[in-house]
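Subject: The two-chain model, and what turned up in it

Hi,

Here is the structure I promised to pass on. Have a look at it first, then read my notes below.

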Amino acid sequence: MSDFWKRFSRNRQAVLGLIILCVVIFVAAIANFIFPTDPFLYSKFPLSAPGENGFLLGSDSIGRDVASGIAHGAKTSLLIGLIATLAAVFIGVIFGAFAGYYGGIVDDILMRITEVFQTIPSFVFAILLVAIMKPSIESVVIAITVVSWPAVARLVRGEFLGLKNREFVQACHTLGMSDVRIMLAEILPNCLSPIIVIGSLMVATAILIESGLAFLGLGDPNVMSWGFIISDGRSMLRVAWWICTFPGIAILITVLAINLVGEGLNDALNPRLRERN
Amino acid sequence: MKLTKIMKGVLAAASIAVVGSFAQAQQAGGSLVFLVQPEPPTMAGYVSTSGPIGLLGPKIYDGLVDYDNDGKMVPMLAESVDVSPDGKTITFNLRKGVTWHDGEAFTSEDVQFTIMDVLKKVHPRGPNSFKEVSSIDTPDAHTAVFNLDNPAPYMLRALSSYESPMVPKHHLEGQDVKTAKLANNPIGTGPFKFVEWKKGQYMRLDKNENYWREGRPYLDRIVGRFVPDASTRAAAMEKGEVLYAAYNAVSNVEAVRLNKEKDNIGLTTDGYSMINPMALLEFNTKEGPFTDAAVRRAISTAIDRQYMIDTIFFGYGKPATSALSSNFSATGLHAKMPNYPANGDVAAANKILDDAGYARDGNGVRMKGMFDLIPYGEDWKRGGQYIQQVLGEIGIQVELRYEDVPTWLKRVYHNYDFEMNLNYFYQLSDPVLGVHRHYGTNMIRKGTHFVNSSRYSNPELDALLSAGMTTPDATKRAGIYLDIQKILANDMPVVNLFELEFLVVYNTKLKGAYGSAMGAYASFGDAYLD
């Protein structure tokens with residue numbers, strides 16, 4: 001573990017990303033304590049500039065606190081990013097593992113299914129899915145999962161194809177281990193590193209998709225999110241720049257931080273890059 | 001520094017003088033591109049009064065008369081109107097030599113057909129406006145004689161091209177008027193001919209070379225552009241890509257800014273005096289959580305109307321104090337009613353609900369509901385978000401729904417598949433024309449837009465509405481409408497929120513398009529560019 005940390009911390013940018021990400025997670029965690037009221041709550045002070053009337057980052061057209069919206073929105077964004085990614089990785093690993101391990105007809109069927117999903121542009125597909133289902137937090141998570149899992153499936157299939165004929169796997173066969181046990185206990189741990197890397201990057205993509213959907217008015221209207229604030233404040237941009245600007249910055253630095261962390265994980269976990277110093 | 005300022009002043013004065021001399025000339029030619037928001041569902045202004053139809057329809061169709069800013073009639077297709085002493089016979093002397101855009105002659109038969117077979121049957125407000133018209137005689141091609149059962153002075157205020165467009169008999173006769181092809185290929189007698197409708201982009205109208213008014217229209221072309229995004233609309237106005245925007249197509253916040261920052265962009269609240277718009281909540285009184293009048297009274301009591309006007313409409317508007325607009329004070333019909341507090345009273349609203357026996361659950365929620373928002377732009381969305389919060393304070397948890405115009409109209413007026421709906425209605429120049437349609441039992445008309453979607457039915461009120469229609473005496477009429485307002489302040493099938501003051505944002509390059517009582521719903525026959 002200390003070895004891992006050493007390799008990770010060699011990448012300064014990754015450490016910076018991790019610090020920013022921790023701050024975002026911290027803000028999301030304490031959102032309910034620092035802003036105990038509903039972030040949708042209006043006030044008598046619409047369009048207050050940052051610092052005015054006690055609004056740290058200003059207020060929007062009906063006097064909602066932008067800072068409170070960003071803090072509560074962080075919770076939404078991170079949660080959606082995490083859950084959608086876990087679900088996508090879960091589905092992707094199952095598809096990829098079976099396709100790669102068994103090959104032949106199983107591989108053909110599973111990969112053709114994956115390709116159907118891959119051929120549709122992912123953001124357009126996500127819009128379509130949310131528009132068909134009612135815009136809600138569940139439908140957004142489902143939509144992001146559906147458009148994200150094929151990449152994981154492809155990756156895992158490749159790893160399994162490479163590993164399944166290695167000596168240690170053949171040894172397991174001769175020992176009489178079941179296929180499922182070989183897949184789960186022997187091959188999967190050996191391809192965990194690339195899955196972790198792609199997963200961490202997928203969290204960033206998921207946050208972007210969620211913000212994009214909310215921006216188009218397809219987010220859950222009853223849940224505060226960064227995309228929602230930007231969408232609502234866009235028509236006021238010329239009069240109240242702060243409504244769009246701060247949540248925009250929040251999205252930018254969060255996505256950047258996650259990408260930096262992902263890059264660091266790649267450095268730390270990829271054996272071929274271990275010599276890079 | 002000082003000198004340049006003075007120089008600028010001189011230059012500005014000179015340019016005004018130049019503009020002035022051009023104004024005398026009233027140049028012909030040019031295209032007017034203006035904003036139409038949202039895109040109209042059809043162009044059948046004789047079937048639906050959906051706002052955006054009015055922005056384009058009156059350019060294509062003429063009415064019998066138009067109205068000036070004092071509400072006086074201006075001759076259009078009718079050169080003159082004679083009312084008999086008993087008020088029961090009204091003779092319209094029609095203009096000669098008027099043709100439809102397809103070349104056919106316009107005759108008194110078209111007038112008879114339009115009133116009796118179209119407006120009286122399928123128009124949302126027509127059955128009220130022309131209720132007393134029992135028949136129309138056509139002694140010759142240029143005379144139409146309306147025979148009335150009772151005097152109906154309000155009818156003469158409902159004859160504009162927006163309210164009662166004259167439609168070609170030969171394109172509708174023998175067909176189902178509601179589904180006839182004319183809806184998407186309008187053929188009128190107006191100053192502009194329909195040319196092309198690119199869905200989602202624009203509608204193009206070209207000059208009618210055979211228009212009956214000599215030398216009109218000045219413009220060669222009118223293009224109505226549909227731009228769904230509010231900030232893009234404001235930017236188009238700022239850059240001069242579009243020259244005219246009415247009915248909040250440019251939001252108030254941007255309108256005020258543009259007027260302040262740009263010398264060539266003006267702002268006016270004129271052009272809405274015949275419209276008298278009222279923002280309101282419609283409720284489903286037959287199904288769902290809002291069937292109890294006490295709940296509706298509580299909602300009306302809780303909402304801070306002044307706050308909505310100040311924050312969402314930037315001060316343009318007036319809190320509603322009754323089912324009737326305060327603009328009816330001039331005729332003595334409006335009376336201030338309880339349950340319409342301008343600043344909202346959440347405590348009183350909570351008490352109403354407590355007394356009615358609606359207990360809060362563990363989360364403080366008394367009831368849940370679905371809240372539809374009129375899909376006419378972001379101001380309304382924001383208004384809905386505010387109301388959602390206030391209702392939360394009195395324990396009513398609502399979910400917001402924002403759809404496209406046809407889906408929303410179908411939901412509310414065809415299927416009654418709604419619980420609470422944010423909307424606005426035109427109360428027009430008389431309650432008979434604009435208000436009765438919202439409450440009368442005879443106005444529960446499935447599939448007709450902007451009528452009694454609440455399906456509220458009260459025989460006592462129906463009797464008063466009929467009396468209000470036929471009583472000419474002003475004092476008696478005021479008494480009748482006082483009773484009407486008392487009943488509606490108690491039953492509240494509709495909660496009036498505030499009287500809207502719409503803005504017109506215009507580029508000063510465009511002249512002659514404002515100053516008419518019909519505003520953006522006028523023909524633009526006198527509009528020109530300099």
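Predicted model: local features only at pLDDT ≥ 70, side-chain atom pairs only at ≥ 80, totals over all residues.

Residues are numbered from 1 along each chain as its sequence is written, and chains are lettered from A and ligands numbered from 1 in the order in which they are written.

Chain A

Chain A has eleven helices and zero strands. (Helices are DSSP runs of H or I with at least four residues, strands are runs of E with at least two, and both are numbered from the N terminus.) Its C-alpha atoms fill a box of roughly 75 × 45 × 30 Å along the principal axes. Of its 277 residues, 47% count as buried. Here, buried is 20 or more other C-beta atoms within 10 Å of a residue's own, exposed is 12 or fewer, and partly exposed is in between, with C-beta atoms placed from the backbone.

Take a look at helix α2 of chain A, residues 12–34. At 1.5 Å a residue, its 23 residues should span 33 Å, and the end C-alpha atoms are 31 Å apart, which agrees. (The expected span is 1.5 Å times one less than the number of residues.) Even so, α2(A) bends by about 35° at A:Ala28; the bend is the angle between axes fitted to the seven residues ending there and the seven starting there.

Which residues of α2(A) are buried? They are A:Ala14, A:Gly17, A:Leu21, A:Val24, A:Ala28 and A:Ala31. An α-helix has 3.6 residues a turn, so residues three or four places apart point the same way. The buried residues of α2(A) pack against α1 (2–9), α3 (66–102) and α11 (242–269) of chain A.

Helix α7 of chain A (residues 167–174) is another story: of its eight residues the number buried is zero, so it lies largely in the open. After α7(A) comes A:Gly176, with a positive phi near 85°.

Chain B

Chain B has 15 helices and 21 strands. With 530 residues, a compact globule would have a radius of gyration near 24 Å, and chain B has 24 Å, which agrees. (That radius is taken over C-alpha atoms, and the globule rule is 2.2 Å times the number of residues to the power 0.38.) Of the 530 residues, 52% count as buried.

There are some backbone details to find here. A cis peptide bond joins B:Gln37 and B:Pro38, with omega about -10°, and B:Pro38 sits in the loop between β1 (31–35) and α2 (51–60) of chain B. Another cis peptide bond joins B:Arg216 and B:Pro217.

B:Leu428 has a positive phi near 60°, although the residue is not glycine. Is B:Leu428 buried or exposed? It is buried, with 23 other C-beta atoms within 10 Å. B:Tyr416 also has a positive phi, near 50°, but B:Tyr416 is partly exposed, with 16 other C-beta atoms within 10 Å.

Where the chains meet

The contact takes 16 residues from chain A and 15 residues from chain B. Two residues are in contact if their C-beta atoms, placed from the backbone, lie within 7 Å.
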